[in-house]
Amino acid sequence: MTPPVPHSEPPRSQPHPRGTAPVPSPATTSRKSGEAGRWEQLDRHTVWASAITVAGFGAGVAVPFVAGFVRGGTSPVPVLLISGGGVVLLTVLATVADWMRWRHTRYRITDERVELRYAWVLHTLRSIPRDRVRTVDLVANPLLRMFGLTKVKIGTGQQVTGQQSHLTLDPVRRARAEELRRVLLERAPAAGETTEPDTGPALATLDWSWIRYAPIGVTTPILGTAAFGAVMQVSDWIGVQNSVIQYVGDLFANTSIVVLVLVLVAIGVLIGVVGSLGLFVEMWWRYRLTRENGTLLVRRGLFTTRSLSLEQRRLRGVDVFEPLGARLVGAARVDVVATGLKVRSDKDNTDPKTLMPAAPIALARRVAVDVLRADPLAGVDIRPHPTAARNRRIAWALYAALGIAAVLAVLGLLLTTVLLHLAWIAALVLTPVAIALALDDYRNLGHGLSGDYLVTRYGAGSRHTVALLRGGIIGWNVRRSPFQRRSGLVTIAATTAANDGRFFVRDVGEQEGLRLAEEAVPGLLTPFLEPVTPARP
Amino acid sequence: MNEVVRLRPPRNRVERRAVTYWLTNELATVAVPAVVLAVLALLIGPARPWLLLAMGIVLAVGVPYGIAVPFWRYRVHRWEVTEDAVYTRSGWLWQEWRIAPMSRIQTVDTARGPLEQLFRLSSVTVTTASAAGPLKIQGLDHELAAELVERLTETTRSNRGDAT
């Protein structure tokens, strides 16, 4: 529902002399946001940064190829010349392209709008009303940091993934970025402010002992497996895959396959652990969660620094999330429930919704309280769901486990007896695991009301405890399957503008669920309820 | 207070014509693969028994489904617009009740496919700021749909704001 973009033609030629970067002095733009209307350029050092990036990337790709050809017996000189030339050509092209982009891109902050335009061959103008700006995120990779630059992503926090929902200034000087953030998020910038924002007391800062939770997350198996994949892939590129396999085979020629598997798994785990520790350091280095003028700020990152903002007004609750590994040792992560999180930050594959890495659960809860300025999770009466919900889960678990076993058994009958053995092993191993998960899933199911919040808890293995602001509930979806109908259950979804759009209270007793919804948002559901005719005894 | 309650059905049924529309739609969906399989069976001699078997399965499953579901759906699909909220029920075996308060409605759209036009039907979609909560009312008479959209737009215009 953004108003249409005005079709005013922006000025074509710029007064800036060629080659000089028109970095505005902060004083001129910050004193009055109404300084406005002046088109500014991005920082020209972006050209160097892209040149280095592409050259590095090109070299990274070229090296295995050169190695492959040289091994294959080709004379090294022409190969080096060709691939070197290719890298240079690629770098030049990319540099020119980025220079063109820089040359023809302008942005400006007017009283009403933030605008970014590109005007060469293809003209584009992105425009966001300033009063819709909800996030100003700063992300800088090591190269940008080398030049003192950062990317600025300005977003409206609009759930609709429309074209106008965000724009990225790629890049501007760091000081300018900080200033843009202050100007855009404050709306009324105070006069005479220094460029260094006043940081309030931190809600949380990194405690290095948290790093012990890093290896027990999902990253360890992922990185461990990826390492083997990478070895195979790269050796395939160079054309030495077979000799790698041969080499490993020779190495373990005298040992049994069991030992080989164990050793490989151990190596995988080791790589995974080291990798996840490294990832933790890179992601959470200098982590600091603060609140400045009603905006939550997360700053973190070793090589790539990120500085993510979240306006308090967008906050709709928190999710205290206990991933399986962390849960076993009493730790939890704090995720935020806020509007407009669907759009991920560019080039930042960490979850922007994570406010705090896994930490001891008491601490996580305290941070959640500080973030919400309320304590919905303390003393909330989380009510369990009817046992019918447990029976459903056990049934699913049995179907899943026995289904896998049945498929293996059928294949075994048709193909080979090895699969038959796998089938009974699968049945024997999977059934208890599945039932344990089902029971845990049922035990975790729960809901409650606590002050201004609706609390719902769910998860098998990993566990989410979500506190959703009742005022943030913008509708209800009540769903019932034939099986739920028979056992008197419903699944209720509170719809919201935050995160994925809804939070479920699964398999709750029909009466209990309807009462919960009625109470959580008074008046909304009431007109659509009717007493059941007392025909039933 | 502690009396037993349930969600009452929304007041309005959809247009009776919607059944015919759904029937046509479902049967056309079944007919297309069935015809394709039949033609293939005519052309490809060696695979004929298999293709005919496949066609038989498609018809045996599709035709009863295509005939039963529209009537069932007609019994379930209902809608209601009050001063404060839009309320729908949809589905057939799996049923869903959706409620959106008037104050949180962001957009109201109508859509009419070619087949719907033939039956002078429209569907109205009401969206909120939630990524998961559009309310869709299918099978409305298109004049009624236009009226409804106008009314909803009118009502929602008066309450501005983010609706988040």
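**Tour of the interface between chain A and chain B**

Select strand S18 (residues 473-480) of chain A together with S5(B): the two pair in the antiparallel sense over five bridges. Strands here are DSSP runs of E with at least two residues, numbered from the N terminus, and two strands pair if DSSP finds at least two bridges between them. Within this pairing, display Asn477(A), which stands opposite Arg98(B) in S5(B).

The model is predicted: local features need pLDDT of at least 70 and side-chain atom pairs pLDDT 80 or more, whereas totals for chains, interfaces and linings use all residues. Residues are numbered from 1 along each chain as its sequence is written, chains are lettered from A in the order in which they are written, and side-chain values use heavy atoms, without hydrogens and water.

Next, select the whole interface. Here 35 residues of chain B are in contact with 37 residues of chain A, contact meaning heavy atoms within 4.5 Å. The buried area is about 3400 Å², with 57% from carbon and sulfur atoms; this is the accessible area (1.4 Å probe) that two parts lose on being put together, summed over both.

Now show the side chains of Glu530(A) and Arg6(B), which form a salt bridge at 3.0 Å, N to O. The rule (a side-chain nitrogen of Lys or Arg within 4 Å of a carboxyl oxygen of Asp or Glu) finds two salt bridges across this interface.

Finally, colour chain B by element. Strands S1 (5-7), S4 (85-91), S5 (95-101) and S6 (105-111) of chain B each give two or more residues to the side that touches chain A. S5(B) gives the most, with seven residues.

Notes
Helices (H or I, at least four residues) and strands (E, at least two) are DSSP runs, numbered from the N terminus.
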